[in-house]
Amino acid sequence: MYTQLADWYGPGPWILLIPLAWIAVVVLVIALLRRTVWRRRACGFGAGFGAGAAAEHPLAVLGRRYAEGEIDAEEYRAKRAVLSESSKGDAGGGGAR
C-alpha cells in the first residue's frame, strides 16, 4: 500500500515562515501601540518627552519661566496680559469683523 507519508522528508524550509509570521505580528502590535496609546500618555509629562514639549501651553511656559527666575514680575504681568488678550480674541468665533 502506497501512502504519501512514505515520501515525506520532513517539514522543509517553509517551517521557518511560522516563527517569522509571529515575529511580524509582534512587531506590528508594538508599532501600533507606539503610534497611538504610548504617544498619548507621553504628552502629559512635560518638556522631556517629545510631543509633550510641542503641546505645552504658552501661559504654562510663561509661568514656568517666572517660577525659575528667568523673568521678573513686571515682565511676567505684561506678557500674561498680552497672552490673555490673544486667547480671549481667538475664542470669539474667528470670523471677519
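**View 1. A nonpolar patch on the surface of the predicted model.** In this predicted model, a nonpolar patch on the surface is formed by Trp14, Ile15, Leu16, Leu17, Ile18, Leu20, Trp22, Ile23, Val25, Val27 and Val29. Together these residues present about 1,100 Å² of accessible area. One of them, Ile18, has its place in helix α1, which covers residues 17-35. With a relative accessible area of 45%, Ile18 is partly exposed, and a patch residue needs over 30%.

**View 2. The protein as a whole, for orientation.** Of the 97 residues in the protein, 5% count as buried. The accessible surface of the protein amounts to about 8,500 Å², and 64% of that area belongs to carbon and sulfur atoms.

View 3. Arg39 is found in helix α2, a helix made of residues 37-42. When the neighbours within four places in sequence are left aside, Arg39 is in contact with Leu33 and Arg34. Arg39 itself is partly exposed, and its relative accessible area is 49%.

**View 4. The salt bridge between Glu68 and Arg64.** Side chains of opposite charge can pair when their charged atoms come close. The structure holds three salt bridges, and one of these joins the side chains of Glu68 and Arg64, with 3.7 Å from N to O. This distance falls within the 4 Å that a salt bridge requires. Arg64 is partly exposed, at a relative accessible area of 35%.

**View 5. The salt bridge between Arg65 and Glu70.** Here the side chains of Arg65 and Glu70 meet in a salt bridge, for which the N to O distance is 3.1 Å. On one side of the pair, Arg65 is partly exposed, with a relative accessible area of 26%.

**View 6. The salt bridge between Glu75 and Lys79 in helix α5.** The side chains of Glu75 and Lys79 meet in a salt bridge, and the distance from N to O is 2.9 Å. Both residues belong to helix α5 (residues 73-90), where they stand four residues apart, so about one helical turn separates Glu75 from Lys79. Glu75 is partly exposed, with a relative accessible area of 31%, and Lys79 is likewise partly exposed, with a relative accessible area of 31%.

**View 7. The aromatic pair of Tyr66 and Tyr76.** The structure holds one aromatic pair, and this pair, formed by Tyr66 and Tyr76, is stacked, with 4.6 Å centre to centre and 20 degrees between the planes. Because Tyr66 lies in helix α4 (residues 58-67) and Tyr76 in helix α5, the pair ties together parts that are 10 residues apart in sequence. The angle counts as stacked because planes under 30 degrees apart are described in that way. Tyr66 is partly exposed, with a relative accessible area of 36%, whereas Tyr76, at 19% relative accessibility, counts as buried, since buried means under 20%.

Methods: Residues are numbered from 1 along each chain as its sequence is written. This is a predicted model: local features need pLDDT of at least 70, side-chain atom pairs count only at pLDDT 80 or more; totals for chains, interfaces and linings use all residues. Side-chain values use heavy atoms; hydrogens and water are left out. Patches are made of residues with over 30% relative accessible area and no salt bridge: like charges are joined within 9 Å, nonpolar side chains (Val, Leu, Ile, Met, Phe, Trp, Tyr) within 5 Å. Accessible areas come from the Shrake-Rupley method with a 1.4 Å probe; for residues, only the protein chains shown count as cover. Helices (H or I, at least four residues) and strands (E, at least two) are DSSP runs, numbered from the N terminus. Buried means under 20% relative accessible area, exposed over 50%, partly exposed in between (1.4 Å probe, protein chains only). Contact means heavy atoms within 4.5 Å. Rings of Phe, Tyr and Trp (its six-membered ring) pair if their centres lie within 6.5 Å; planes under 30 degrees apart count as stacked, over 60 as edge-to-face and the rest as tilted.
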